[in-house]
Amino acid sequence: MQKIALIVDSACDLSLETIKEKNIKLLPLRISYSHGEYKDKVDISADEIYSNLEKEVPKTSLPSTEDLNNILVSLENEGYTHVIAVTISSGLSGTFNSIRLALEDHPNLTSHVFDTKILAMPEGIVAMEVANLIEGGKSFEEIVEALPSIRKNISGYFTVNTLEYLKKGGRIGRIAGTIGDILNLKPIVTVDEEGIYYTVCKARGRKQSISKLTSILKEALAESPCNVWVLHGGALNEAKSFLESLKGLTNIVGLDISQISPALGVHGGPGLLGLAIQKVD
């Protein structure tokens with residue numbers, strides 16, 4: 001009899017309530033300030049990150065080896081036989097590799113580490129689908145086989161209000177970022193097939209960037225019904241207004257708002273807006 005556990009890192013943007021309800025094991029990324037270190041989503045919230053960014057931009061790092069090992073030992077003690085880990089893109093973080101290596105020291109757990117090659121709520125959607133399959137009694141082998149098809153139907157896009165934090169985090173060059181700020185350019189960013197950030201297009205100003213996001217969503221809705229999440233980083237009121245503007249679009253199956261996790265908020269900065277889109281077959 002298989003007993004399957006699901007591990008996700010904290011970049012997935014699932015709420016702590018959902019994580020608890022779905023019996024998901026959370027592996028927190030780490031956020032380091034000059035005065036100390038915090039576990040993402042556990043010890044510090046996204047709002048706390050945003051409110052302190054002007055004072056200090058913290059550094060982010062991989063989940064601790066100790067936290068990961070504690071999870072795996074507890075799973076063995078609880079009688080789990082199989083583990084599926086859903087991770088942030090390996091092109092953006094070493095989390096995928098660290099989990100894969102740690103599991104090699106736990107041969108009693110049959111495991112599969114899935115590199116989503118994405119992040120934020122799109123990663124969370126993959127995790128939710130896996131959790132639902134586990135609840136539905138699907139076998140480890142069936143779930144692993146289904147993962148690429150699940151991922152294929154999910155995409156994510158975001159724009160930031162300022163390029164300052166992407167510059168500070170080394171996600172874009174300082175010269176490119178400075179020129180972009182001067183020209184008030186707002187890139188619409190997604191990830192490529194390797195899970196690396198790339199710019200889909202550039203907009204001039206906030207209003208146009210939101211219009212570009214809407215156009216991207218309309219293209220997806222023209223192909224298939226979709227579940228849609230409006231993503232935001234410290235911009236709840238704007239996210240609510242954006243969500244309201246989408247309510248009249250046809251082919252939207254579900255529509256919700258998701259707050260960017262603290263660790264991701266460090267790089268996006270306050271004012272990030274985006275979309276997670278899941279095509280529904």
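Analyst: Here are the labels, one by one, with the values behind them. This is a predicted model, where local features need pLDDT of at least 70, side-chain atom pairs count only at pLDDT 80 or more, and totals for chains, interfaces and linings use all residues. Residues are numbered from 1 along each chain as its sequence is written, and side-chain values use heavy atoms, with hydrogens and water left out.

User: Which residues line the largest cavity, and closest to its centre?

Analyst: Lining residues have an atom within 4 Å of a point. There are 19 of them, and Leu119, Ala120, Phe158, Tyr197 and Ile260 are the closest to the centre. H5 (120-135), S8 (154-159), S9 (185-191), H11 (262-268) and S13 (272-279) each give at least two lining residues. Those names are DSSP runs numbered from the N terminus: helices (H or I, at least four residues) and strands (E, at least two).

User: How do you know how polar that lining is?

Analyst: By sorting residue types: Ala, Val, Leu, Ile, Met, Phe, Trp, Tyr, Cys and Pro count as nonpolar, Asp, Glu, Lys and Arg as charged, and the others, Gly among them, as polar. The cavity lining comes out as 15 nonpolar, four polar and no charged.

User: And what makes a pocket a pocket?

Analyst: A pocket is an open set of points with protein on both sides within 12 Å along at least five of seven lines. The largest pocket here has a volume of about 350 Å³. Its lining has 20 residues, with Lys152, Ile154, Ser155, Gly156 and Tyr157 closest to the centre. The lining splits into seven nonpolar, five polar and eight charged.

User: Why is H9 called oblique to H10?

Analyst: The axes of H9 (residues 206-223) and H10 (residues 236-246) come within 12 Å and cross at roughly 45°. Axes are lines fitted to C-alpha atoms, for helices over the stretch in contact, with angles from 0 to 180 degrees between N-to-C directions. Under 35 degrees is roughly parallel, over 145 roughly antiparallel, 65 to 115 roughly perpendicular and the rest oblique. So H9 is oblique to H10.

User: What is the handedness of that crossing?

Analyst: H9 passes H10 in a right-handed crossing. A crossing is right-handed if the near helix is turned clockwise from the far one by less than a right angle, and left-handed if anticlockwise.

User: Which residues make the contact between H9 and H10?

Analyst: Contact means heavy atoms within 4.5 Å. Arg206, Ile210, Leu213, Thr214 and Leu217 of H9 take part, with Glu238, Phe242 and Leu246 of H10.

Methods
1 Å grid on protein atoms, 1.4 Å probe; cavity = no way out; pocket = protein on both sides within 12 Å on 5 of 7 lines; lining within 4 Å. Points joined across faces, edges and corners; volume = space filled by probe spheres on them.
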